[in-house]
Amino acid sequence: MEETRKEQTTDGVLLYYKYVKIPDLQSVLDFYDSGCRSLRLVGRVRIAPDGVNVTVGGKMESLEKHIEEMKLNPLFDGTDFKLASCESPTNERISRECGFDSLSIRVVKELVTFRSNPVAESPEISNAGQHLSALEFHELLHNAGVEGDKEVVVLDARNVYETRIGKFEIPNLETLDPEIRQYSDLPSWIDQNSDKLKDKSILMYCTGGIRCEMASAYIRTKGSGFENVFQLYGGIQRYLEQFPDGGYFKGKNFVFDHRISVGSSDSKVVGTCLKCKSSFDDYSSRKRCCQCRMLVLICHNCQVKSDEEICELCRKNEKDASEVGQSKTENEAELISDQSEAFSTNQIVPNDINQHRKLRILCLHGFRQNASSFKGRTFSLAKKLKNLAELFFIDAPHELPFIHVPNSNSISPPNQFSINKFAWLVSPHYNSSNNITKDWVVSNVPFDPLQFMDQTEGFEKSCEHLDEIILQKGPFDGILGFSQGAAMAALYLNNKQIFNKDILGFKFGIFCSGYRAPLLGLDSDPIRLPSLHCFGNGEGEKDRQIDRSNSVGLCEMFDESLRVLIEHDLGHIIPTRSPYIDGIKDFLARFT
């Protein structure tokens, strides 16, 4: 009796996903809401038109009941329910960060956010790679490794902070680690490294399998030479269940719940401290990069010595930024979301728990940035505004070449992957996207801090791009632009006013470190839209890219009676400390 009682009170975690057409989203949401709450489950449930993605925790008895309930629904026939027992959560902070202190049920547009551009079509999941069981996957790895087969590559579909504590290691077999910050960066990596994948048998893996579904389908869309794609069914979790000693997987499997990671019987530590390089693989301290907020490995000794650390990817981005003459802040890294295995964040139907609708703000990045990097840069802003607004990030339509300016520290271009960068406005000398090369372009011309004054082309294409975004993904309550994105947002609104449009339903605009673009044909009448203008005051840490007078020029494009001005002394950034963030909140509160 005592043993039975103990078994019933054991905690557990349940992971599963299912790609299936959901005929009635609301009924499925209601089913999960009533069922999970009655069983006192916590965690995340995401429901999309194309299926469900679930990570929940609770008592083992309750999780087993939930599985039985799901099996009664024919929609979920064939679902792989991955259930594991574990100790009860003991760290409230970790539980809160992992979303395991409450139950979150949401309807989203897609199960996984595979692309940062919301307009780009995701691949058909029916075209995904062939599933391999843990035994089949292991056998293929073994045979290919023994034979030293150069026609086989292993591809890790996870984020870099996950791969740093555990990965497959097969002697004589090439393993590709994209070193991405977030899942939506994977398509760009695949595009730029397709030569490493073409005409190969590609063996893919991730934590539980869902990320490989979309990624393998995307690889197969490339056609001839990309047909042989295979994926580990059930992911690393199923593999470690089959091979308790770890097999070819070394280290720990990072998981998106309070357990943080799950290892095998092999105690080998794969990870290393970012500071001292000693063996270390414990993320329980939740140390994060001070720029992009990605988890970083800092050993206990080094935690005492330093409060702030910069992750390896942000350090690389800083180096890249110096090579094109940009400031560190212009190339800050993307934000990763460690709330689930690639759960989508594009919510379209709030559940009953949310009592009011947040403002939807369309965000335009700066020159030579992208949606992911701007999302990372505005992490602190999004966190401060989480009760007021949701930020939506998109790429500009003009892809830019990779430019390398030789200097004493770096004569040759870097021989490494770089994420695509874009622009809203380009110079008259810009080559069309059809001529953009994936190779680095060497420039002997020093960076010109006034180059934005020469960026006068591409406006029409950017307008059409924004029209399409708003038509497909709108409506949006407001538009926010940073640097060149602010200039573009103002031009776009001005253009709509010229043609007597209603400014597409925007209630407000926010313009940060912007400037008035030198384009002809602008409406001389002030833009009649409530606007917030946030830029450097020319004192303190000056904005080295956009002079205050240029930001004032953009401000003057708007109706004086409807505009709010916030000046700061913090450089080329969007400030998120008081009193500046308080002013931004007060402005937004007018529209909630």
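## Terms and model

A residue is called buried when its relative accessible area is under 20%, exposed when it is over 50%, and partly exposed in between (1.4 Å probe, protein chains only). This is a predicted model, in which local features need pLDDT of at least 70 and side-chain atom pairs count only at pLDDT 80 or more, while totals for chains, interfaces and linings use all residues. Residues are numbered from 1 along each chain as its sequence is written, and side-chain values use heavy atoms, with hydrogens and water left out.

## The chain as a whole

The protein chain has 592 residues, and 56% of them are buried. Its secondary structure comes to 17 helices and 24 strands; helices (H or I, at least four residues) and strands (E, at least two) are DSSP runs, numbered from the N terminus.

A contact means heavy atoms within 4.5 Å. Of the contacts between residues at least 6 apart in sequence, 77% join residues at least 24 apart. The chain exposes about 25,800 Å², with carbon and sulfur atoms supplying 48% of that area. Accessible areas come from the Shrake-Rupley method with a 1.4 Å probe, and for residues only the protein chains shown count as cover.

## Salt bridges

Side chains of opposite charge can pair when their charged atoms come close. A salt bridge is counted where a side-chain nitrogen of Lys or Arg is within 4 Å of a carboxyl oxygen of Asp or Glu. The whole structure holds 18 salt bridges. One of them links aspartate 33 to arginine 37, with the closest N and O atoms 2.7 Å apart. Both residues belong to helix α2 (residues 25–38), where they are 4 residues apart, about one turn of the helix. Arginine 37 has a relative accessible area of 36%, so this residue is partly exposed.

In another salt bridge, glutamate 241 meets arginine 238 at 2.7 Å, N to O. The two lie in helix α9 (residues 235–242), 3 residues apart, about one turn of the helix. Glutamate 241 is partly exposed because its relative accessible area is 40%, and arginine 238, at 22%, also counts as partly exposed.

## Charged patches

Patches are made of residues with over 30% relative accessible area and no salt bridge; like charges are joined within 9 Å, and nonpolar side chains (Val, Leu, Ile, Met, Phe, Trp, Tyr) within 5 Å. Lys and Arg count as positive and Asp and Glu as negative, while His and the chain ends are not counted. The place of a charge is taken as NZ of Lys, CZ of Arg, CG of Asp or CD of Glu.

A positive surface patch consists of Arg96, Arg106, Lys358, Lys383, Lys384 and Lys386. Lysine 358 sits in the loop between β14 (347–349) and β15 (359–364), and its relative accessible area of 31% makes this residue partly exposed. A negative surface patch consists of Asp454, Glu457, Glu460 and Glu464. Glutamate 464 is in helix α14 (residues 459–473) and is exposed, with 55% relative accessibility.

## Aspartate 11

Aspartate 11 lies in strand β1 (residues 11–19). Its relative accessible area is 11%, so aspartate 11 counts as buried. Leaving aside neighbours within four places in sequence, its contacts include Gly58, Lys59, Met60 and Ala84. The C-alpha atoms of aspartate 11 and serine 62 are 9.2 Å apart, although the two residues are separated by 51 residues along the chain.

## Backbone details in loops

The bond from glycine 474 to proline 475 is cis, with omega near 5 degrees, and proline 475 is in the loop between α14 and β21 (478–482). The bond joining serine 578 and proline 579 is also cis, with omega about 5 degrees; proline 579 is in the loop between β24 (563–568) and α17 (580–589).

Positive phi values occur in residues other than glycine, including asparagine 172, where phi is near 65 degrees. Asparagine 172 lies in the loop between β8 (166–168) and β9 (174–176) and is exposed at 56% relative accessibility. Glutamate 179 has a positive phi near 55 degrees. Glutamate 179 is in the loop between β9 and α7 (186–192) and, at 37% relative accessibility, counts as partly exposed.
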